[in-house]
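The entries are in the order in which I took them.

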Amino acid sequence: MLILASGSPRRREILTTAGIPFRLAAPGIEEEPEPGESAESYVRRLARDKARALSCGEGDIILAADTVVTIDGQILEKPRDAADARRMLGLLSGRRHEVITGVCLRTALRELVAHECTAVHFVAMSEREIDEYVASGEPLDKAGAYGIQGLASKFIDRIEGCYFNVVGLPVALVYRLLKELWPPE
């Protein structure tokens, strides 16, 4: 049985839409980058820590993931408040940034860790557009303060890479790793 180690409704929706059965178990771990840690290393470490925080029975596969946005070497996670969301959106406005998701799949005997990176291009946003978007509440629980699948879609003119990675789970990567751990009969 696949166990999704996440409370994210977006990750649940992606797996459900892809027809991958799972059950939920959300671990609580500290999410703080270590000094000098790259975004790739950070999300891979968090995904691994989340997967290891749950006990894994025989026949189980634990799936854990963590997503961040990076721009100018800064890691943007979920904003602390509306002011932080405004700051993040101001950084992203009119620019290209990267969304990086670390993924860990773990069985009782093996562990696979990988990451996916997608480039996202934002159009320039006016202060009014930023204020209206922040007022919607959508940015407050999303890495980088936006949801590509929601109201922010109108500010994104193109992406390079996996769309589902930007939503929060690179499902093709997950499926490839699942097949490695649990080959079809």
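My notes on one cysteine, the aromatic pairs, a helix and a pocket follow.

Ground rules. I am working from a predicted model, in which local features need pLDDT of at least 70 and side-chain atom pairs count only at pLDDT 80 or more, while totals for chains, interfaces and linings use all residues. Residues are numbered from 1 along each chain as its sequence is written, and side-chain values use heavy atoms, with hydrogens and water left out.

Cys117. I found Cys117 in strand E6 (residues 111-122); helices (H or I, at least four residues) and strands (E, at least two) are DSSP runs numbered from the N terminus. Its relative accessibility is 31%, so I noted Cys117 as partly exposed; buried is under 20% relative accessible area, exposed over 50%, and partly exposed in between (1.4 Å probe, protein chains only). I then listed its contacts (heavy atoms within 4.5 Å). Beyond neighbours within four places in sequence, Cys117 touches Glu98, Val99, Ile100, Glu160 and Asn165.

Aromatic pairs. My search of the whole structure gave three. Rings of Phe, Tyr and Trp (its six-membered ring) pair if their centres lie within 6.5 Å; planes under 30 degrees apart are stacked, over 60 edge-to-face, the rest tilted. Phe122 and Tyr146 are edge-to-face, at 4.9 Å centre to centre and 75° between the planes. Phe122 lies in strand E6 and Tyr146 in the loop between helix H4 (127-135) and strand E7 (156-160), so this pair ties together parts 24 residues apart in sequence. I noted both Phe122 and Tyr146 as buried. Tyr133 and Phe155 are also edge-to-face, with 6.1 Å between centres and 70° between planes. Tyr133 sits in helix H4 and Phe155 in the loop between H4 and E7, 22 residues apart. Tyr133 is buried at 4% relative accessible area, and Phe155 is buried at 5%.

Helix H2. I listed the buried residues of H2, among them Tyr42, Val43, Leu46 and Ala51. Their cover includes strand E3 (61-71), strand E4 (74-76) and strand E5 (96-106).

Largest pocket. I counted 30 lining residues, with Ser8, Arg10, Arg11, Thr67 and Lys78 nearest the centre. A pocket here is an open set of points on a 1 Å grid over the protein atoms alone, where a 1.4 Å probe fits, with protein on both sides within 12 Å along at least five of seven lines; lining residues have an atom within 4 Å of a point. Which element gives the most to the lining? E3 does, with four residues.
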